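Have the sequence and the 3D view at hand.

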Amino acid sequence: MKLCVAGCSFSDYTKVDKVWGEYLAEKLDVDYLHEGAGCGSNWRIWRQIGSHILHGTLTKDDLLIVQYTGIDRREFWSANPPMPPREPITKIQTQEPSYDGGSIIRYKWNSHVWQDYPEEKELFELYERNFVNPRYENDNFIVHSNMFQEFLKNHGIRTVFLRVRAWFQYPTYIPEFQKYLFEEPEEFLHDKSTWLDGTDSGHLSSEGHVRFADLVYQHINTTGILNGTNQ
């Protein structure tokens, strides 16, 4: 059995040496598969987890935890080669497939300001200004997330979806996943000792990662998901 955590920088090594997924895997005494990524999107989650399942690296014997992020985030293929990390924000630079020598680039609001290639900067700035509509993004998210759930159900993947931090755009969940849904407690959310540097509420401090792992561990035991399936 292994634990796989998919998400954005909330679940990534954002200025910390160890993430809550690692702590949780230790508590469960299982291997850990890390799919948290800074500036990650829900589209990346669907692509990466879908690939793991299709290639057999994630199976019904494992546990998946999905931490959705902002619905307006996207990923694009770029003909430019990957740029090296400009600063050590994360301990692990998640490696994406090269796709014929190009790279996968990640869009979120204001991401054009840190692009090194002028084509990518122009693309993100143009996309943000002219091609993002919240209603359209929400409709896309609901449809694709429900298809994703049916895909997980079809393959018997035991899955816990998270509701955390400031990301409140979530679809309805089919019954197989609704009963295992984890909602971040309000008192934890507002506890500044869990915030990165005590000021960044969107990311966890080292203490926050430890305590968040404890909360999810309790949730797993309470729901009994490891004793059953999503069938």
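## Helix α1 against helix α7

The crossing of α1 and α7 is right-handed (the near helix is turned clockwise from the far one by less than a right angle). Helix α1 spans residues 20-28 and helix α7 residues 206-223; their axes lie 8 Å apart at an angle of about 45°.

From α1, the contact (heavy atoms within 4.5 Å) uses Trp20, Tyr23, Leu24, Lys27 and Leu28. From α7, the residues include His209, Phe212, Asp214 and Tyr217. By class, ten residues are nonpolar, one is polar and two are charged.

## Basis of the model

The model is predicted: local features need pLDDT of at least 70, side-chain atom pairs need 80 or more, and totals for chains, interfaces and linings use all residues. Numbering starts from 1 along each chain as its sequence is written, and side-chain values use heavy atoms, without hydrogens and water.

## Helix α2 against helix α4

Helix α2 (residues 42-54) and helix α4 (residues 134-154) cross at roughly 20°, and their axes come within 11 Å. They are therefore roughly parallel. The crossing is left-handed.

Trp43, Trp46 and Ile49 are among the α2 residues that meet α4. Phe141, His144 and Phe148 are among their α4 partners. This contact has nine nonpolar, four polar and no charged residues.

## Valine 5

Valine 5 sits in strand β1, residues 2-7. Valine 5 is buried, at 0% relative accessible area (buried means under 20%, with a 1.4 Å probe and protein chains only). Beyond four places in sequence, its contacts include Trp20, Tyr32, Leu33 and Ile65.

Methods. Axes fitted to C-alpha atoms, helices over the stretch in contact; angles between N-to-C directions. Helix = DSSP H or I, 4+ residues; strand = E, 2+ residues; numbered from the N terminus. Nonpolar A, V, L, I, M, F, W, Y, C, P; charged D, E, K, R; others polar. Buried < 20%, exposed > 50% of the residue type's maximum accessible area, 1.4 Å probe, protein only. Parallel < 35°, antiparallel > 145°, perpendicular 65-115°, else oblique.
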